[in-house]
Amino acid sequence: AVLANRAILYLVSHRHETSEAFRQHCSSITFLEPFVQSLCLLYTQKNESGPQSYRRRASKLADVPEGISPIERFIGGSADGENESYAFLMLMRQIISHSFRVRGAAETIHKAYSAIPTHATADEVKALHLVLVEQCALCMDEVLKGDNLLFLSNCVGALSVFLDQQVQGFATTEAHLRMVKAAVKVLGVLTDPQTSSLVMASGPDHSLVVADAGHICRLVCVCALRWSINRGDGDLQTMLLELINENIELLLLAPSRERIVPVGPFPNVSPGSHLFPYWQSDSLSRCLLDRAATFPDLGDSTKDADMAAVAP
């Protein structure tokens with residue numbers, strides 16, 4: 001049965017690499033729901049008999065196991081090709097990684113979160129959420145090395161999915177910290193004048209993406225900080241404040257020779273505009289227009305979007 005599962009996973013992975021129609025199917029909720037349900041079952045099977053250190057789910061930062069990645073904790077062992085759960089996660093990463101290379105990655109990532117079954121246990125939900133954060137962060141690291149602004153825009157869209165999870169209360173302590181680190185990294189690359197995509201083009205499309213990124217990053221930081229205060233997690237609060245203090249000028253997009261920041265008001269974008277693909281990919285709510293937004297986007301209101309989001 002194990003060999004048969006590996007063969008099936010290999011065939012699915014190969015088909016995903018070669019067929020655009022199949023890639024679209026793998027990004028649908030029809031495929032992701034049973035796939036994520038299988039991940040839940042594998043997690044429970046592996047961790048019921050696994051070491052206690054793999055099964056710990058931190059409620060505070062001090063409880064987070066050191067030297068063990070979320071993926072290793074999820075699969076209950078080392079990350080290698082012989083581990084069936086790891087093979088499943090690698091297919092999930094392949095699906096997420098591809099989504100960053102087309103418009104609107106936020107929608108696929110959101111579907112992966114939404115595919116977690118309602119009957120999943122609390123441990124399964126926490127573990128899967130944390131693994132998805134790590135996998136998205138790894139995919140973003142790959143994209144941030146490139147020079148395609150649309151792909152970088154998808155990184156901002158992924159951060160908007162993180163923010164959506166924070167606002168809904170699904171993120172765990174460790175996930176909050178990983179989300180903030182990912183947000184700061186994305187914003188740093190987008191404003192770095194040495195980034196190849198910015199050297200080639202730093203016009204209104206770049207300004208739009210950076211403005212959205214700055215807005216979403218600030219909200220990710222505020223949500224994480226609010227979580228740490230509400231949970232009384234002094235360690236997390238201290239680490240977040242240190243990160244924010246070190247990057248405060250970046251988060252505020254303060255003008256500097258060290259960064260490229262937007263100039264002028266946030267543009268009005270219509271579907272026929274060349275800015276539309278970037279505008280849409282920047283935010284989950286713009287990809288899913290029929291879904292109620294959980295936080296305000298830039299340009300949605302005459303009110304200050306940052307203040308509107310953090311108001312009680």
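**Figure 1. Lining of the second largest cavity in the predicted model.** The second largest cavity is lined by Asp164, Leu284, Ser285, Arg291, Ala293, Thr294 and Phe295. Sorted by class, these lining residues comprise three nonpolar, two polar and two charged residues. The space inside this second largest cavity amounts to about 30 Å³. Across the whole structure, a search finds two cavities of 30 Å³ or more.

**Figure 2. Packing of helix α12 against helix α13.** Helix α12 spans residues 204-231, and helix α13 spans residues 234-246. The two helices pack at an angle of about 155°, and their axes lie 9 Å apart. Angles over 145 degrees count as roughly antiparallel, and α12 and α13 are therefore roughly antiparallel to each other. Their crossing is left-handed. On the α12 side, the contact is made by Cys221, Ala224, Leu225, Trp227, Ser228 and Ile229. On the α13 side, Leu236, Gln237, Leu240, Leu241 and Ile244 take part. Nine residues of this contact between α12 and α13 are nonpolar, two are polar and none is charged.

**Figure 3. Crossing of helix α8 and helix α10.** Helix α8 covers residues 122-144, whereas helix α10 covers residues 173-191. The axes of the two helices come within 10 Å and cross at roughly 15°. Angles under 35 degrees count as roughly parallel, so α8 is roughly parallel to α10. The crossing of α8 and α10 is left-handed. From α8, the residues that make the contact are Leu130, Val133, Glu134, Met140, Asp141 and Leu144. From α10, they are Glu174, Ala175, Arg178, Met179, Ala182, Lys185, Val186 and Val189. Divided by class, the contact of α8 with α10 holds nine nonpolar and five charged residues, with no polar ones. Among the charged residues are Glu134 of α8 and Arg178 of α10.

**Figure 4. Contact between helix α7 and helix α8.** Helix α7 is formed by residues 105-114. The axes of α7 and α8 come within 10 Å and cross at roughly 160°. This angle makes α7 roughly antiparallel to α8, since angles over 145 degrees are counted in that class. In passing α8, helix α7 forms a right-handed crossing. Ile109, Ala112 and Tyr113 of α7 meet His129, Leu132, Val133 and Cys136 of α8 in this contact. The contact of α7 with α8 consists of six nonpolar residues and one polar residue, with no charged residues. Val133 of α8 belongs to this contact with α7 and also to the contact of α8 with α10.

Methods. Residues are numbered from 1 along each chain as its sequence is written. This is a predicted model: local features need pLDDT of at least 70, side-chain atom pairs count only at pLDDT 80 or more; totals for chains, interfaces and linings use all residues. Side-chain values use heavy atoms; hydrogens and water are left out. On a 1 Å grid over the protein atoms alone, a cavity is a set of points where a 1.4 Å probe fits but cannot get out, and a pocket is an open set with protein on both sides within 12 Å along at least five of seven lines; lining residues have an atom within 4 Å of a point. Grid points are joined across faces, edges and corners, and a volume is the space filled by probe spheres set on the points. Axes are lines fitted to C-alpha atoms, for helices over the stretch in contact, and angles run from 0 to 180 degrees between N-to-C directions. Helices (H or I, at least four residues) and strands (E, at least two) are DSSP runs, numbered from the N terminus. Angles under 35 degrees count as roughly parallel, over 145 as roughly antiparallel, 65 to 115 as roughly perpendicular and the rest as oblique. A crossing is left-handed if the near helix is turned anticlockwise from the far one by less than a right angle, and right-handed if clockwise. Contact means heavy atoms within 4.5 Å.
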